[in-house]
Amino acid sequence: MEDANTTTEPAVSAEALDEADSRREEAEDILQGGPRSANRSGALAFLALAVVVAAVLHFYLSSGGGVYLARLDAELLNHAELSLAAMEADGPLWPSRPRDPSASTNTCAATSSSTAPWWPAPPISGAWPPAPGPDATPSSSTTNSPPKWRNSAPDWTRPASPASKRPRPVPMTRKDCNLAPYSRVLLKVSGEALGGDAGVGFDKAAIQMVAGEIRDLASAGIETVVVVGAGNFVRGSEAAALGIERGTVDYMGMTATILNALALQSAVEALGYSTRVLSAIKADQVVEPYIRRRAQRHMEKGRVVILAGGTGNPYCTTDTAAAQRSIELDCKAILKATKVDGIYTADPMKNPNAMKYERISYSQAIREKLKIMDSTAFSLCEENHIPIVVYSLKVPGNTLKAATGAVVGTLVDGE
């Protein structure tokens, strides 16, 4: 028999036990910083950020931000009104015509007074202004007289010039239309040009004449690169006659170009123009080494750049060096200064019947084996579209004429 003091515990359902377990797990997550705590912390942070943004906006608007925006809008509107008033004071952009009071069908009568002028809107198509009517020129006593034009009224009645009298484009030819001036040129000067009439050694008058031609280019603002030869001392073709190996003779010629470059530098600087000599072979005690970007920098500073040493390799002429350097330095043309005034079908010194070319193509010059430049130089210029002007250096001022597009000597290009 059971004791009377013993109490029976009520039965607990499984759902109640699950709910109790869930609440206990939530409490543990909160105490331990679990995922539920993280979600609530993120929500609180977002709410705090929203409150801060709202406070900043409230402070900005209450401290005059809205007043500033309103003031800016008022200033812009005032500026537009002043501009419109100034335009109206000068008069409209097209002549006005008084409205006909008798025209009851006028659409402007319902919105404007009878004394207000009527300014027709510009037509979308057709002639303008419209044909003058009987009321187009009212008397000066009329209160609604048309305003004056800003300038003198154009002659609308003048007929257009017929198509037959209009100028027609004329096809460009080298005789009647000069070429565009070249901003950067390469001047090729042979060694014989510095040797005078004899073509050997140095001639003071010849060096000063070449320096004067370079001065003309520099004074005209044309960036100038000069490539000098060494024919006044030694030529590669004389190797067999000298009994010296061709490669050695070529190196001798490269060294001689430094002599010519130094002489030319001294003459140009005596005229007041800064120059720099750059050599493809090392001679650091007297000249700078040739570096493409350094040469470009010298020209950008307004200096005349004189290049010596050829290409730095044997079996290459100074004409090939001129073509190569013109490509590297982005020259717009090569000015080939020679003893004759252009390219001839034969040597004019030996054949008086030789005919002069006014214009010739690279391929024709190579095909006919014209000795004014070697075929390698012609090929490089043809591939890179660099025109060559061959002219006489004996005529003062020819170099500047050739650089500015005047018809001088013979033009070699791709046409």
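**Notes on the predicted model**

1. To start with the surface: the protein exposes about 26300 Å², and carbon and sulfur atoms supply 57% of it (areas by the Shrake-Rupley method with a 1.4 Å probe; for residues, only the protein chains shown count as cover). Keep in mind that this is a predicted model, where local features need pLDDT of at least 70, side-chain atom pairs count only at pLDDT 80 or more, and totals for chains, interfaces and linings use all residues. Residues are numbered from 1 along each chain as its sequence is written, and side-chain values use heavy atoms, with hydrogens and water left out.

2. On the overall build, the protein has twelve helices and 13 strands (DSSP runs numbered from the N terminus: H or I of at least four residues for helices, E of at least two for strands). Of its 415 residues, 33% count as buried (under 20% relative accessible area; exposed is over 50%, partly exposed in between, with a 1.4 Å probe and protein chains only). Among contacts with a separation of 6 or more, 69% are between residues 24 or more positions apart (contact: heavy atoms within 4.5 Å).

3. Now the inside. The largest nonpolar core has 38 residues, and L187, I214, V226, L264, I306, L335 and Y391 touch the most other members (a core is a set of buried Ala, Val, Leu, Ile, Met, Phe, Trp, Tyr and Cys residues joined through side-chain atoms within 4.5 Å). Helix α7 (residues 246-270) gives the most to this core, namely seven residues. Apart from it lies another core of 29 residues, including V227, V305, I334 and V412. Back at I214, the residues touched are L187, V226, L264, V268 and V304, leaving aside those up to four places away in sequence.

4. Helix α9 (residues 318-328) deserves a look: eight of its eleven residues are buried. They are T318, D319, T320, A321, A322, A323, R325 and S326. The cover over them includes β3 (184-189), β4, α7, β7 (304-308), β8 (333-338) and α11 (375-384). Just after α9, D330 takes a positive phi of about 60 degrees.

5. There are 13 salt bridges in the whole structure (a side-chain nitrogen of Lys or Arg within 4 Å of a carboxyl oxygen of Asp or Glu). One of them joins K188 to D319, with the closest N and O atoms 3.6 Å apart. K188 sits in strand β3 and D319 in helix α9, so this pair ties together parts 131 residues apart in sequence. Both K188 and D319 are buried, and K188, D319 and K336 are linked in a salt-bridge network.

6. In α7, R246 and D250 lie four residues apart, about one turn, and their closest N and O atoms are 3.1 Å apart.

7. Finally, the one aromatic pair in the whole structure (ring centres of Phe, Tyr or Trp, its six-membered ring, within 6.5 Å; planes under 30 degrees apart are stacked, over 60 edge-to-face, the rest tilted). F202 is in the loop between α4 and α5, F233 in the loop between β4 (223-228) and α6 (239-242), 31 residues apart. F202 is partly exposed at 43%, and F233 is too, at 38%. With L259, F202 and F233 form a nonpolar surface patch of about 280 Å² accessible area together (patch residues have over 30% relative accessible area and no salt bridge; like charges are joined within 9 Å, nonpolar side chains (Val, Leu, Ile, Met, Phe, Trp, Tyr) within 5 Å).
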